[in-house]
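Hi,

Here is the structure I promised to pass along. Have a look at it first, and then read on.

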Amino acid sequence: MAKEQNLTILEVGPRDGFQNLVEFIPTEKKAQIIQKLVDAGVRYIEFASFVHPKWIPQLADAAELYSLIKDRPGVTYRALIPNEKGLERALEKGVKEVTWVVCATDRGNLANLNMTTEQSLEMIRRIGTRVKRAGAKFCGSIAYALGDPIEGDVPIEKIFEIVRVFRQVGATDVSIADSIGIASPLKIRKMFPELANEFPDVRWSIHLHNILGLGIANALAAWEVGVTTLESSIAGLGGCPYAPYPGGNVATEELVYLFNKLGVHSGINLDKLMEARDFVRSIVGEKPKKQVGHPEEK
Ligand SMILES: [Zn+2]
């Protein structure tokens with residue numbers, strides 16, 4: 001039973017959260033935010049995307065940031081990779097875990113990555129083993145897996161096809177992304193058993209966005225069907241820069257609070273996490289939102 005396992009929270013705020021901010025956060029400040037998250041007990045962090053700075057200037061300092069944060073014992077850092085150039089930059093820097101992102105629809109892949117889904121998959125087939133040779137771990141991420149903002153539902157066979165390519169190049173961890181927050185508990189309860197049935201050896205995670213509070217319900221649904229790695233962002237920052245409407249990420253503090261109530265161990269101290277959240281707000285100027293507030297907060 002999934003409930004007897006520990007929960008792993010993958011903090012994606014430094015990547016998904018920051019990429020949507022207009023004002024550049026200085027690299028030192030980013031490192032300080034990450035340190036506060038680590039102090040709170042966060043042990044798995046997606047710290048940046050090695051995307052071309054022209055596309056997302058906010059993440060142009062991915063390599064420099066990694067130099068500042070990498071020596072934290074017990075912390076796993078993951079970088080998002082959109083293309084070969086990005087992969088080269090990450091591996092050169094000594095990044096130990098990379099996740100290659102592919103969109104489940106051609107429309108989404110063209111908008112986000114400027115190539116068709118098949119072209120992305122061809123690239124992965126070609127260079128997948130390069131990651132292994134560099135001694136790094138290769139993970140897969142499927143954006144819009146739970147729905148495309150224009151095309152809607154994605155057939156499960158399409159997800160299978162992408163996962164198959166990830167498996168061919170040795171990925172054991174695959175992230176299913178609700179990139180714009182249109183999933184529902186019903187959809188999640190249906191999808192993950194199908195995925196687990198087709199690929200029993202894959203370790204799944206779910207990347208959650210939040211529209212009108214459904215994100216947290218989706219997190220719980222995923223947990224209940226055996227997904228033990230949940231992706232969230234401190235202070236609920238985030239959102240797909242290419243989606244037609246914004247939906248912030250599920251807030252890490254909401255997840256920790258929920259799972260504390262369920263008696264599920266995440267290893268994260270909520271009080272310290274709230275300090276990290278306040279620190280983030282002091283930098284990005286985010287106004288406190290009621291739905292991501294601490295319940296004891298006055
Ligand atoms: Zn996202």
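Predicted model: local features only at pLDDT ≥ 70, side-chain atom pairs only at ≥ 80, totals over all residues.

Residues are numbered from 1 along each chain as its sequence is written, and side-chain values use heavy atoms, with hydrogens and water left out.

**The zinc site**

Three residues coordinate the zinc ion: D16 through OD, and H207 and H209 each through NE2, at 2.0 to 2.1 Å. Donors here are N, O and S atoms within 2.8 Å of the metal (3.2 Å for Na, K and Ca); water is not among the atoms, so sites may look incomplete. Along the sequence, the donor residues follow the spacing D-x190-H-x1-H. Distant parts of the chain are linked in this way: D16 sits in helix α1 (residues 13-17) and H209 in the loop between β7 (203-207) and α9, 193 residues apart. Helices (H or I, at least four residues) and strands (E, at least two) are DSSP runs, numbered from the N terminus. D16 is buried, with a relative accessibility of 2%, and H209 is buried too, at a relative accessible area of 2%. Buried means under 20% relative accessible area, exposed over 50%, and partly exposed in between (1.4 Å probe, protein chains only).

**Helices against helices**

For the packing, axes are lines fitted to C-alpha atoms, for helices over the stretch in contact, and angles run from 0 to 180 degrees between N-to-C directions. Angles under 35 degrees count as roughly parallel, over 145 as roughly antiparallel, 65 to 115 as roughly perpendicular and the rest as oblique.

Helix α2 (residues 27-39) and α11 (270-284) have axes that come within 8 Å and cross at roughly 165°, so α2 is roughly antiparallel to α11. Their crossing is left-handed; that label applies if the near helix is turned anticlockwise from the far one by less than a right angle, and right-handed applies if clockwise. On the α2 side, K29, Q32, I33, K36, L37 and D39 make the contact, and on the α11 side K272, L273, A276, F279, V280 and I283 do. Contact means heavy atoms within 4.5 Å. These residues divide into 7 nonpolar, 1 polar and 4 charged.

Helix α9 (residues 214-224) and helix α10 (residues 252-261) cross at roughly 50°, with axes that come within 11 Å, which means α9 is oblique to α10. I216, A219, L220 and W223 of α9 meet E254, L255, L258 and F259 of α10. That contact has 7 nonpolar residues, no polar ones and 1 charged. As for α10 itself, 7 of its 10 residues are buried, and these pack against β1 (8-11), α9, β8 (229-232) and α11. Just after α10, G263 takes a positive phi of about 75°.

L195 belongs to helix α8 (residues 185-198) and is buried, at 0% relative accessibility. Leaving aside residues up to four places away in sequence, L195 touches I156, I159, F160, I176 and W204.

V174 lies in strand β6 (residues 173-177) and is buried, with a relative accessible area of 1%.

**Two backbone angles to look at**

Most residues other than glycine have a negative phi. Y144 has a positive phi of about 60° although it is not a glycine. Y144 is found in the loop between β5 (137-143) and α7 (156-168), and is buried at 2% relative accessibility. L212, also not a glycine, has a positive phi of about 50°. L212 is found in the loop between β7 and α9, and is exposed, with a relative accessible area of 88%.

Happy browsing!

Technical notes
Nonpolar A, V, L, I, M, F, W, Y, C, P; charged D, E, K, R; others polar.
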